[in-house]
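Open the structure in your viewer and keep the selection tool at hand. The tour goes stop by stop, with something to select at each.

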Amino acid sequence: MSKQRSKNYKQRIDTAIATPKLQEALHRFADAYVIARQNAFAGLDFEQLRTDIAASKDEVRNHHPQYLDEFTKNAQAAGATVYYARTADDANAYIADLAKARGVKLAVKSKSMASEEIHLNKALEKAGVQALETDLGEWIIQLAGQKPSHMVMPAIHMFKEEVAELFSKVTGNQEPAEIEHLVRVAREQLRQGYLDAQMGITGANIAVAETGGLALVTNEGNARLVATLPKIHVALVGIEKLVPKLEDAARIIQVLPKNATGQLLTSYVTWITGAVPCLDADKELHIVLLDNGRSALAASPHCKDALRCIKCGACANVCPVYQTVGGHVFGHIYISAIGIILTAFFHGLDEAAELVRACIGCRSCVAVCPSNIDLESIILHLRETVGDEEGIGAGKNLMFRKIMRNRTLFHTLIRAASLLQKPVTGGERTIRHLPLFFSSLTAWRTLPAIADKPLRATFAKLPQKVEKPRYKIAFFAGCANDFLYPELGGDLVTVLNKLGVAVSFPAEQNCCGIPALYSGDRETAVELAQQNVAAMLSDNPDYVLTTCPTCSMALQRDFVDHLRDNPVWAEKAEHLAAITMDACKFIADVLQAGDAFADGAAVGSVTYHDSCHLKRGAGVWEQPRSLLAAAGHEMVEMAHADRCCGFGGSYSFTSHPAIARNIMADKLADIENSGAACVAMDCPGCLLQIRGGLEKQDSKVRAAHTIELLAERLRGGQ
């Protein structure tokens, strides 16, 4: 079952990638969104806002029976009928039965992801009720027979020509592909529906416990018409939409339009408290509070923070995977990062499994989440769950559990591979072509050859003459630095020795465990965490430095998480996390050594690529730029400097190479367009990806690690 599902999913990926207009539409919006969002939040403390939103959401989640009861009592006192639906079928039955009891033949709907979640339209159709979507985007996809491809902009994947074709089938005329005209056609076609409908169905962005009221945040006037003109109003509201007080609602309203579309304000904010008069009869207001997996999500110690989500859709707006394949591939009903989690709890792990694997882990979503949800960490937990349920595959099982845990065997096999690669390297450090069924690995990038001698075999021979060292440093190299780029370790020693710092290389260190963790093998990741904690603390260093931000995240975040409940290892892991630091951050912030690189003539122009886990994981981005500028480089900022390069470890080799290739193409274009002679970065994985891509297209732009460039400056080279 899982193999066939995976095959079908990869076919859907290939189809999406073969549709360049899709990428054009999504990139066009995403590029504009980043600028608009930045401008919209100018002068506001986004970190404080999202901290406050998270706190109010956590308060409701942790005490949701209390707030559900408070909301229900206040809503009923105001004249509403409140129904608690435990499942999708329960909610559908209530609304369909209500429609049949009231003789409803036509129901008009405003945009509601909850109604998409429970497939309400199908349930109404079975009950003999026509459901008419009145949101422009929702109406378009209703006509197309599709699902939303974005939570806020459901038809963002479609071009005006496609919409004109759909509208022409409705009107019987040849409608021109002009946006103003198409909007007018939609208005003309939908307006009578509001007047004819016996029921209006909305969602709600917020439900306020202290008032029993609802808030709808929209950009079209249709929601107000849906909520007011028909005599029956049904509001389908996920229980996570509850907030304690009006001021909590106001905070969400302040943030939601800015984060969703980059607007300062939304067009309409509609407050509804209780039933309102409707001509000569009282209007019926039915509020259906939807659980459908939300209580299970609230009870999950690893995933519960996902209930903070305010459904802004920003995680899709900045997601490189979404921009490559769209929401119909990187989503089920809910899309992108938050969609992965909600799909697992609302529609089952089977529907979420391929989405879990499709996430590249770049943390772009985490940086913009207005509710401060660590989406990547939750998705990693779901990968573990999928791995436990379905297995990680025989190959990965052998690699991680039999080989990687055994440091001696692991390193022996890598040394053997360095000998076996000779026929394809010809003694060179770059592999341009691989034969037979390995050829796809070098179809769109070169690969670095495994070094003849890893760093661990040569480190002791590196000359270090540091009298009275300022600090004692242990270097955690990581696999790429150790076996692919050992010279980078020598460069780090050169730089730190010049600055009066001695460096050691604990020989017992092993892989950081990220490859295993990202493949769903937590057991191996925990074993490797213990090995590395013991190794790196063995000589009681002042600091542990890395030149790989993914390794930094492992030592600073994952080891603590893996070992927090282990009385033997927890305190040691926390100590290691506290003294672990990226090398450039250490040089710039601890040593404050920028002036040490200032001697000599100016060197070439450099643009800088922000590695995902360095900027959005370790919080480091200014330090490398300041050091490179101090070293005489003319810094040229590329567009989308912090957009993912598409590496993602095994993501770009085995699991999703087609997506990785497209993401890399965007990055290479930004590098070339910068006009810089060199692109610097602080991640060996990014170096592998970007250097390989540049070399494959015979670019003259050099790719280098920041430490490499700093060492060259000290040696007097370029």
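**Stop 1: aromatic pairs**

Ten aromatic pairs are counted in this predicted model. Select Tyr471 and Phe586 to see one of them: the ring centres are 5.8 Å apart and the planes stand at 75 degrees, so this pair is edge-to-face. Now colour by secondary structure. Tyr471 belongs to strand S15 (residues 471–476) and Phe586 to helix H30 (residues 583–590), so the pair ties together parts that are 115 residues apart in sequence.

Tyr471 is partly exposed, with a relative accessible area of 25%.

**Stop 2: salt bridges**

Next, switch to charged side chains. Across the whole structure, a search finds 40 salt bridges. Select Asp31 and Arg643, whose side chains meet in a salt bridge at 2.8 Å, N to O. This pair links distant parts of the chain, 612 residues apart. Asp31 sits in helix H2 (residues 20–40). Arg643 sits in the loop between strand S20 (634–635) and helix H33 (657–674). Check the cover on each partner. Asp31 is partly exposed, with a relative accessible area of 28%. Arg643 has a relative accessible area of 13% and is buried, because buried means under 20%.

Move to Glu210 and Lys245. Their side chains meet in a salt bridge at 3.9 Å, N to O. Glu210 is in the loop between strand S5 (206–208) and strand S6 (213–218), and Lys245 is in the loop between strand S8 (242–243) and helix H12 (246–261), so the pair ties together parts that are 35 residues apart in sequence. Glu210 is partly exposed, at a relative accessible area of 31%. Lys245 is partly exposed too, at 39%.

Now pick Asp305 and Arg308. Here the side chains form a salt bridge at 3.6 Å, N to O. Asp305 counts as partly exposed, at 24%.

Show Arg363, Asp374, Glu376, Arg557 and Asp558 together: they are linked in a network of salt bridges.

**Stop 3: a positive patch**

Return to the surface view. Where does positive charge gather? Select Arg12, Lys122, Lys126 and Lys147, which form a patch of positive charge on the surface. Centre on Lys122. This residue lies in helix H7 (residues 120–126). With 56% relative accessibility, Lys122 counts as exposed.

**Stop 4: a nonpolar patch**

Stay with the surface for the last selection. Leu436, Phe437 and Phe438 make a nonpolar surface patch of about 410 Å². Zoom in on Phe437. Its place is in the loop between strand S13 (430–431) and strand S14 (447–448). At 68% relative accessibility, Phe437 counts as exposed, because exposed means over 50%.

Definitions and conventions: Residues are numbered from 1 along each chain as its sequence is written. This is a predicted model: local features need pLDDT of at least 70, side-chain atom pairs count only at pLDDT 80 or more; totals for chains, interfaces and linings use all residues. Side-chain values use heavy atoms; hydrogens and water are left out. Patches are made of residues with over 30% relative accessible area and no salt bridge: like charges are joined within 9 Å, nonpolar side chains (Val, Leu, Ile, Met, Phe, Trp, Tyr) within 5 Å. Accessible areas come from the Shrake-Rupley method with a 1.4 Å probe; for residues, only the protein chains shown count as cover. A salt bridge is a side-chain nitrogen of Lys or Arg within 4 Å of a carboxyl oxygen of Asp or Glu. Lys and Arg count as positive and Asp and Glu as negative; His and the chain ends are not counted. The place of a charge is taken as NZ of Lys, CZ of Arg, CG of Asp or CD of Glu. Helices (H or I, at least four residues) and strands (E, at least two) are DSSP runs, numbered from the N terminus. Buried means under 20% relative accessible area, exposed over 50%, partly exposed in between (1.4 Å probe, protein chains only). Rings of Phe, Tyr and Trp (its six-membered ring) pair if their centres lie within 6.5 Å; planes under 30 degrees apart count as stacked, over 60 as edge-to-face and the rest as tilted.
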